[in-house]
Amino acid sequence: MRRVIAIAVAGASLAGCSSFSFDSLKPTPPPVQVQLDSIPSGADAVTSLGPGCKTPCQVSVPAPDSGFSVTFNLPRFQPTTVPVQVIRNPGDFTTPASVTTDPSPVVAELKPAGPPPRATRKPMRPKRPKPPKAAAAPAAAGSPFPTPAVAAPQPAPAAQPTR
């Protein structure tokens with residue numbers, strides 16, 4: 001009976017070791033310092049990871065597993081987005097692991113925004129002048145067309161026989 005208990009305890013202890021992960025013992029990656037600049041300076045720079053500042057400046061971002069982007073905005077200039085790659089150097093026994101960014105520093109050249117588009121308008125037609133009402137009466141008298149009050153009544157249509 002002691003053997004069965006000893007085997008059960010040894011099996012349980014080995015099963016517990018297989019589910020143990022050394023990832024929890026790894027330290028969190030240090031934040032990466034990213035230098036941001038723009039031409040012209042004074043643009044608002046915001047990273048896709050959250051932090052931002054007004055250029056020229058330096059922000060601290062957590063080292064992501066993949067790249068991120070930085071968007072630069074300045075009034076009267078077109079916004080510009082610059083992709084940033086994160087490069088991890090694992091290190092070895094003599095050198096510590098390091099994280100760098102490419103490009104470093106991150107620089108964006110902002111282009112001036114063009115003038116706002118003009119609204120297209122339809123050309124206005126000139127209004128025709130209306131003849132004065134006093135002049136309209138003599139013109140109607142000399143007209144070859146009868147006026148509605150003088151018009152002769154229309155003959156009724158003839159009835160058609162039905163079959």
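## Ground rules

Contact here means heavy atoms within 4.5 Å. This is a predicted model, where local features need pLDDT of at least 70 and side-chain atom pairs count only at pLDDT 80 or more, while totals for chains, interfaces and linings use all residues. Residues are numbered from 1 along each chain as its sequence is written, and side-chain values use heavy atoms, with hydrogens and water left out.

## Overall layout

The chain has 2 helices and 8 strands; helices (H or I, at least four residues) and strands (E, at least two) are DSSP runs, numbered from the N terminus. Going along the sequence, the pattern reads α-β-β-β-β-β-β-β-β-α.

Of the 163 residues, 15% count as buried. For that label, buried means under 20% relative accessible area, exposed over 50%, and partly exposed in between (1.4 Å probe, protein chains only). The chain exposes about 13900 Å², with carbon and sulfur atoms supplying 62% of it; these accessible areas come from the Shrake-Rupley method with a 1.4 Å probe, and for residues only the protein chains shown count as cover. Among contacts with a separation of 6 or more, 45% come from residues 24 or more positions apart.

## The nonpolar core

In soluble globular proteins, nonpolar side chains tend to be buried together. A nonpolar core is a set of buried Ala, Val, Leu, Ile, Met, Phe, Trp, Tyr and Cys residues joined through side-chain atoms within 4.5 Å. The largest one here holds 20 residues, and Val 34, Leu 36, Phe 68, Val 70, Phe 72 and Val 106 touch the most other members. At least two core residues come from each of strands E1 (32-39), E4 (57-61), E5 (68-73), E6 (80-89) and E8 (106-109).

So what does Phe 72 touch, leaving aside its neighbours within four places in sequence? The list is Leu 36, Asp 37, Ser 38, Asp 44, Ala 45, Thr 55, Pro 79, Thr 80, Val 82, Val 106, Ala 108 and Leu 110. Thr 101, in strand E7 (residues 98-102), is buried with a relative accessible area of 12%.

Strand E1 has a covered face made of Val 32, Val 34, Leu 36 and Ser 38, and an uncovered face made of Gln 33, Gln 35, Asp 37 and Ile 39. In E4, the covered face is Cys 57, Val 59 and Val 61, with Gln 58 and Ser 60 on the uncovered one.

Two strands pair if DSSP finds at least two bridges between them. E1 and E4 do this in the antiparallel sense over 5 bridges: Val 34 has Val 59 as its bridge partner, and Val 32 has Val 61. E1 also runs parallel to E8, joined by 4 bridges, with Ser 38 standing opposite Ala 108.

## One salt bridge

How many salt bridges does a search of the whole structure find? It turns up 1, taking a salt bridge as a side-chain nitrogen of Lys or Arg within 4 Å of a carboxyl oxygen of Asp or Glu. The side chains involved are Asp 44 and Lys 54, at 3.2 Å, N to O. Asp 44 sits in strand E2 (residues 44-47) and Lys 54 in strand E3 (residues 52-54), so the pair ties together parts 10 residues apart in sequence. Asp 44 counts as partly exposed, at 37% relative accessibility.

Most residues other than glycine have a negative phi, and most peptide bonds are trans. Here a cis peptide bond joins Ile 39 and Pro 40, with omega about 0 degrees; Pro 40 lies in the loop between E1 and E2. The bond from Ser 104 to Pro 105 is cis too, with omega near 0 degrees, and Pro 105 is in the loop between E7 and E8.

Arg 76 is not a glycine, yet has a positive phi of about 70 degrees. Arg 76 lies in the loop between E5 and E6 and counts as exposed at 73% relative accessibility.

## A patch on the surface

Met 1, Ile 5 and Val 9 make a nonpolar surface patch of about 360 Å². Patches are made of residues with over 30% relative accessible area and no salt bridge: like charges are joined within 9 Å, nonpolar side chains (Val, Leu, Ile, Met, Phe, Trp, Tyr) within 5 Å. Met 1 lies in the segment before helix H1 (2-19) and, at 76% relative accessibility, counts as exposed.
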